[in-house]
Structures are given as structure tokens and as C-alpha cells.
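These notebook entries record what I looked up on helix packing and on the residues that take part in it.

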Amino acid sequence: MDKTIDEKFKSKLMEIFQLEENAIVLDVSLSKLGVSSIYYIKMVVGMEDIFNIEFDDECLDYEKFETLSEILEYIKKKISEKQ
């Protein structure tokens, strides 16, 4: 069975940030999570690989998104545009 988009997203976050699944709260601000530009780019590259998408140039700035949920919604939008 394929993992859902949400499951893949959370799994990659757990890997990048070395967190337990229950530690991932999608509505927490990126700044509260301590997301730096380096971690953000790691996350973008990881998500691009997993979902076979490409983030738009204006979305490469980690201040573009406030929460993980916003990033997840953006990924879902990019996936739906490909179909």
C-alpha cells in the first residue's frame, strides 16, 4: 500500500529534523520549530525528490511559509497540477 502524501511528508520531516512522529505538529510556526534556511532547503530538496515536484523559485525562501501545513498544502497543489 502506498503511503499518503501526508504520511510521506511527515516521514521525511522525521528524518530531516530527527523527530518522533508524535513530535510533528503541522500548525506550529517554522520559527518555533527552529527551522533555519539550511534545514528548509534540506526539506525542500527532500520533498522535491519524494513527490517528483519542483518548488517555484519564490518558494525557496523559508519565510514564504509560516507553518508546515502551508508547505504540505503547497506540495499537494504542485502534485495536483502535474496530474
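Entry 1. I began with α1 and α4, whose axes lie 11 Å apart and pack at an angle of about 130°. The model I am reading is a predicted one. Angles from 65 to 115 degrees count as roughly perpendicular and those over 145 as roughly antiparallel, and α1 and α4 are therefore oblique to each other. I noted the crossing of α1 with α4 as right-handed.

Entry 2. I then listed the residues that meet. From α1 they are Ile 5, Asp 6, Phe 9 and Leu 13, and from α4 they are Leu 68, Ile 71, Leu 72, Ile 75, Lys 76 and Ile 79. By class, I recorded 8 nonpolar and 2 charged residues in this contact, with no polar ones.

Entry 3. Next I looked up α1 against α3. Here the axes are 10 Å apart and the packing angle is about 140°. The pair α1 and α3 is therefore oblique as well. I found a right-handed crossing for α1 and α3. On the α1 side, the contact is made by Ile 5, Lys 8, Phe 9, Lys 12, Leu 13, Ile 16 and Phe 17. On the α3 side, I listed Tyr 39, Lys 42, Met 43, Gly 46, Met 47, Ile 50 and Phe 51. The contact of α1 with α3 divides into 10 nonpolar, 1 polar and 3 charged residues.

Entry 4. Is Lys 12 buried or exposed? I located Lys 12 in helix α1, which spans residues 5-17. Its relative accessibility is 16%, and buried means under 20%, so Lys 12 counts as buried. Apart from neighbours within four places in sequence, Lys 12 is in contact with Gly 46, Met 47 and Ile 50.

Entry 5. I turned to Phe 17, which is also placed in helix α1. With neighbours within four places in sequence set aside, Phe 17 is in contact with Val 35, Tyr 39 and Met 43. For Phe 17 and Tyr 39 I noted a separation of 22 residues in sequence and a C-alpha to C-alpha distance of 7.9 Å.

Entry 6. Last, I examined the largest nonpolar core, which has 23 residues. Those with the most contacts inside it are Phe 9, Met 43, Phe 55, Leu 68, Ile 71 and Ile 75. At least two residues of this core come from each of α1, α3 (37-51) and α4 (68-82). The helix that gives the most to the core is α4, with 6 residues. For Met 43, not counting residues up to four places away in sequence, I recorded that it touches Leu 13, Ile 16, Phe 17, Leu 68 and Ile 71.

Key:
Residues numbered from 1 in each chain as written. Predicted model: local features only at pLDDT ≥ 70, side-chain atom pairs only at ≥ 80, totals over all residues. Heavy atoms only, no water. Helix = DSSP H or I, 4+ residues; strand = E, 2+ residues; numbered from the N terminus. Buried < 20%, exposed > 50% of the residue type's maximum accessible area, 1.4 Å probe, protein only. Contact = heavy atoms within 4.5 Å. Core = buried A, V, L, I, M, F, W, Y, C linked by side-chain atoms within 4.5 Å. Axes fitted to C-alpha atoms, helices over the stretch in contact; angles between N-to-C directions. Parallel < 35°, antiparallel > 145°, perpendicular 65-115°, else oblique. Left-handed = near helix turned anticlockwise from the far one by under 90°. Nonpolar A, V, L, I, M, F, W, Y, C, P; charged D, E, K, R; others polar.
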